[in-house]
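Colleague: I would like to learn how to read a two-chain model, feature by feature. Could you take me through one, giving the general idea before each case?

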Amino acid sequence: MIMAEPVARNDSGASAPVDEEVLVKRARGGDLEAYDELVQRYQQRIYATVYHMTSNHEDANDLAQESFIKAFQALKSFKGGSSFYTWLYRIAVNKTINFLKQRKNRIHMSLNDLDFNAEHDPDLVAFVSDKTPRREANLNELQEKLNTALLKLSEQHRLVVVLHDVQGLSHEEIAKVMECNIGTVRSRLFYARQQLQAWLSDYLKPT
Amino acid sequence: MNENQPNFESLRRLLALKRHETPPPGYFNNFSRQVITRICAGETGAEAGFSGRLFASMPWLLQWVQSLETKPVFAGGFATALCALLLFGAVIAQRPDSVAQAILQPAPQEVAPLVASATPTTMVQPVNPMFIEDNSTNPVSNFASAPIGQMPVSAQFASFPISSGN
C-alpha cells in the first residue's frame, strides 16, 4: 500500500540538500532560485491535494501555481510558527476551498489517467475481479464513481478524506493545516467515510 | 465494540485508487519554471505591490473582497445597492433641468417685491433701460422699467428678504 510521506520530508524522498529554513530565508529576500527549489520540493503534493479536491486537472494546475505565487508574495508574513510546508498547504487549501465555493454546482471532472501501476495494485485488482458485485466494473469506472462520490461531500469533509486517506497525513498534521482541533478532524473523517461507504456500497460489498 | 464500529478498510483500499491518478508525463518538469516565470512577469506583481500593501493596511477590505468572492448573496446585495445608487444618480442628473425651469418661471413674480424693497443706487446705475426688453424674464428689467423719478438717489443699506421657498 502506498503511503504518503511525513509532511516535512522532500517530495523526492531524498534528504534535503539545503535546509528548508535557509531556502525560505533566501526566497524571502527575493532569491528566485531558492524559491524554485522550494516549488520543486512541494509541487507534487500541492498539486495532488488540489487535484483530489477538484477532480479537475486544469483547475488543479491553475490553483497550484497560484498557491505558489501567493505564497511567494506572502513570504514576508511567514513567521515560522509552523513549518513552511504546513503554511504552504494552508494557502493551497484555502485557495481551493474558496474556488470550490465560487464554483458550487458548476463543477465538472477532468480526471487524470491512471498510471500503469494501478492495474497491478493487488488491492485494486481485487476490487475489480473479486470483491465487486458488478464484475463488469473496470478501474476507469471505479475511478469515475469514486470521484463523483468525493465531489458529493462538503469541501471540509472531502479535504479530510483527501489529506488522510489519500495523502496520508496524520490527524495532527491535518488539524494544523485546517486550523481546527484533532477531535474535529476525527469526527469529520468518520462522517465522510460513512457517507462515501453508503454511496459506494455497490462497489464495496463483497459478493 | 468492533462489531458496532463501521469497517472502512474496503473504502480505504478503494481510495488508494486516487493515488494512481497522475498528471500527464513530464508535467512537473516545467511546473516550477512556469511559477517562477509568472512571478517574474509580475502577473500578479502589480496587484501584490499595490493591493498587497492596501490589504495589509486595511485587512477588513480584504475580508470584504473575499466575502464578495465567496458569498453570492453578499455580492448580489452589493450589486443591487450599486445599481440603486447609479439609478438614483441618473434621476438626480436629470432633475436640475426641471428644477431650473421651475425656478425661472416664477422668478419675475417673486423677484419684483425683493427689488422694490431694495435700495438700488448701485444696481440702477449700470443698467441702461434701452437695452433691456420688457418681456425679459430678467428681474432687472422689471426694476429698470420703473420710472426713473421714483428711484432714490442716495445710497442706503440694501436688504433682500428671501422667501423660504427659494
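**Reading burial, helices and contacts**

Modeller: Let us start with A:Glu179, which is exposed, because 11 other C-beta atoms lie within 10 Å. The rule is that a residue is buried if 20 or more other C-beta atoms lie within 10 Å of its own, exposed if 12 or fewer, and partly exposed in between, with the C-beta atoms placed from the backbone. This is a predicted model, in which local features need pLDDT of at least 70 and side-chain atom pairs count only at pLDDT 80 or more, whereas totals for chains, interfaces and linings use all residues. Residues are numbered from 1 along each chain as its sequence is written, and chains are lettered from A and ligands numbered from 1 in the order in which they are written.

Colleague: Where does A:Glu179 lie, and what is its phi?

Modeller: A:Glu179 lies in the loop between α8 (171-178) and α9 of chain A, and its phi is positive, about 55°, although the residue is not a glycine. Helices here are DSSP runs of H or I with at least four residues, strands are runs of E with at least two, and both are numbered from the N terminus. A:Ser55 has a positive phi as well, near 55°, and is likewise a residue other than glycine. A:Ser55 lies in the loop between α2 and α3 of chain A, and it is buried, because 24 other C-beta atoms are found within 10 Å.

Colleague: How many helices and strands does each chain have?

Modeller: Chain A has 10 helices and 0 strands, while chain B has 8 helices and 0 strands. As for burial, buried residues make up 39% of the 207 residues in chain A and 9% of the 166 residues in chain B. Among contacts between residues at least 6 apart in sequence, 69% in chain A join residues at least 24 apart, and the corresponding share in chain B is 62%; a contact is a pair of residues whose C-beta atoms, placed from the backbone, lie within 7 Å.

Colleague: Is A:Thr54 buried or exposed, and which residues does it touch?

Modeller: A:Thr54, found in helix α2 of chain A, counts as buried, because 24 other C-beta atoms lie within 10 Å. Not counting residues up to four places away in sequence, A:Thr54 touches A:Asp59, A:Ala60, A:Thr96 and A:Leu100. The C-alpha atoms of A:Thr54 and A:Leu150 are separated by 9.3 Å, although the two residues are 96 apart along the chain. A:Arg45 is also placed in helix α2 of chain A, and it counts as buried because it has 21 C-beta neighbours inside 10 Å. Its C-alpha atom is 8.8 Å from that of A:Tyr89, 44 residues apart in sequence.

Colleague: How should I read a nonpolar core, and which residues of the largest one touch the most other members?

Modeller: In soluble globular proteins, nonpolar side chains tend to be buried together. A nonpolar core is a set of buried Ala, Val, Leu, Ile, Met, Phe, Trp, Tyr and Cys residues joined through C-beta atoms within 7 Å. The largest core in this model has 61 residues, of which A:Val50, A:Ala64, A:Leu88, A:Leu200 and B:Leu14 touch the most other members. Its largest share, 10 residues, comes from helix α2 (residues 32-54) of chain A. Leaving aside neighbours within four places in sequence, A:Leu88 is in contact with A:Tyr42, A:Ile46 and A:Ala71.

Colleague: At what angle do helices α7 and α9 of chain A cross?

Modeller: Axes are lines fitted to C-alpha atoms, for helices over the stretch in contact, and angles run from 0 to 180 degrees between N-to-C directions. The axes of α7 (residues 155-166) and α9 (residues 182-199) of chain A come within 9 Å and cross at roughly 95°. Therefore α7(A) is roughly perpendicular to α9(A), given that angles under 35 degrees count as roughly parallel, over 145 as roughly antiparallel, 65 to 115 as roughly perpendicular and the rest as oblique.

Colleague: How many residues of the two chains are in contact?

Modeller: On chain A 41 residues are in contact with 30 residues of chain B. The largest share of the chain A side, 8 residues, comes from α2(A).
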